[in-house]
Amino acid sequence: MKPFVVFCITLLTALMLEAIPFPGEFIWFRPEWALLVILYWVIALPFRVGVGLAWFLGLMVDLLQGGIIGQHSLTYVIISFTCALFYQRLRMYHRWQQGVFVAVLVSVNQLVDFWIDHYLGYAEPTLLIFMPAVVTGLLWPWSFIILRSVRRIYAIR
């Protein structure tokens, strides 16, 4: 397979995982799959993957979830830009330390999403909004290993 096709398949897989319905009582434990994958690619290929792709993927997540167009795009752009600024430093950290950084970035995503939803009257204040950040941070080491092996097997550069 061509490396570009495999790269697109990883993004489509992340979008499909975003579309999987969760039971109502477990909705707070839903990881941010699309953000997890885009953060990996920004760290792995910072000169090829960046803010434009994050904006597009955020737009796709908005269309999938039926929310306000641009809500996820805004946060994905902010987070991918932050990650692109610190990609050299992030590569030096251990995977669990990267997971903590990813959890902080995803909590920023959750906070901005909550502010927008609360302003529109869709959300009530609760600390459970940060639970997807914790779950995504815990999934980071395994997703890093899987995506790195995919990148190496298919020579994605």
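Tutor: Helices are DSSP runs of H or I with at least four residues, strands are runs of E with at least two, and both are numbered from the N terminus. Just after helix H6, glycine 121 takes a positive phi of about 85°. The model is predicted, so local features need pLDDT of at least 70 and side-chain atom pairs count only at pLDDT 80 or more, while totals for chains, interfaces and linings use all residues. Residues are numbered from 1 along each chain as its sequence is written, and side-chain values use heavy atoms, with hydrogens and water left out.

Student: What pattern does the protein follow along the sequence?

Tutor: The pattern reads α-α-α-α-α-α-α. By the DSSP rule the protein has 7 helices and 0 strands.

Student: What makes the radius of gyration of the protein agree with that of a compact globule?

Tutor: The radius is taken over C-alpha atoms, and the globule rule is 2.2 Å times the number of residues to the power 0.38. For 157 residues the rule gives a value near 15 Å, and the protein has 15 Å, so the two agree. Along the principal axes, the C-alpha atoms fill a box of roughly 45 × 30 × 30 Å.

Student: Why is tryptophan 140 called buried?

Tutor: Buried means under 20% relative accessible area, exposed means over 50%, and partly exposed lies in between (1.4 Å probe, protein chains only). Tryptophan 140 has 0% and is therefore buried. Phenylalanine 144, with 12%, is buried as well. Buried residues make up 42% of the 157 residues in the protein.

Student: Which residues of helix H1 are buried, and what covers them?

Tutor: In H1, the buried residues are Val6, Phe7, Thr10, Leu11, Ala14, Leu15 and Glu18. An α-helix has 3.6 residues a turn, so residues three or four places apart point the same way. What covers the buried residues of H1 includes helix H2 (33-44), helix H3 (51-65), helix H4 (71-85) and helix H7 (131-153). In H6, the buried residues, among them Gln98, Val102 and Asp113, pack against H2, H4, helix H5 (87-92) and H7.

Student: Why is the pair of phenylalanine 7 and tryptophan 41 called edge-to-face?

Tutor: Rings of Phe, Tyr and Trp (its six-membered ring) pair if their centres lie within 6.5 Å; planes under 30 degrees apart count as stacked, over 60 as edge-to-face and the rest as tilted. By this rule there are 6 aromatic pairs. The rings of phenylalanine 7 and tryptophan 41 are 5.1 Å apart centre to centre, with 75° between the planes, which places the pair in the edge-to-face class. Phenylalanine 7 lies in helix H1 and tryptophan 41 in helix H2, so the pair ties together parts 34 residues apart in sequence.

Student: What makes the pair of tryptophan 140 and phenylalanine 144 tilted?

Tutor: The ring centres are 5.8 Å apart and the planes stand at 45°, so the pair is tilted. Both residues lie in helix H7, 4 residues apart, about one turn of the helix. Phe7, Tyr40, Trp41, Trp140 and Phe144 form one aromatic cluster.

Student: How do you know that glutamine 71 and aspartate 117 make a polar contact?

Tutor: A polar contact is a pair of N or O atoms within 3.5 Å; within protein, one must be able to donate a hydrogen and the other to accept it, and residues adjacent in sequence count only if both atoms are side-chain atoms. The side chains of glutamine 71 and aspartate 117 make such a contact at 3.4 Å. Glutamine 71, in helix H4, is buried at 6% relative accessibility.

Note on methods:
Contact = heavy atoms within 4.5 Å.
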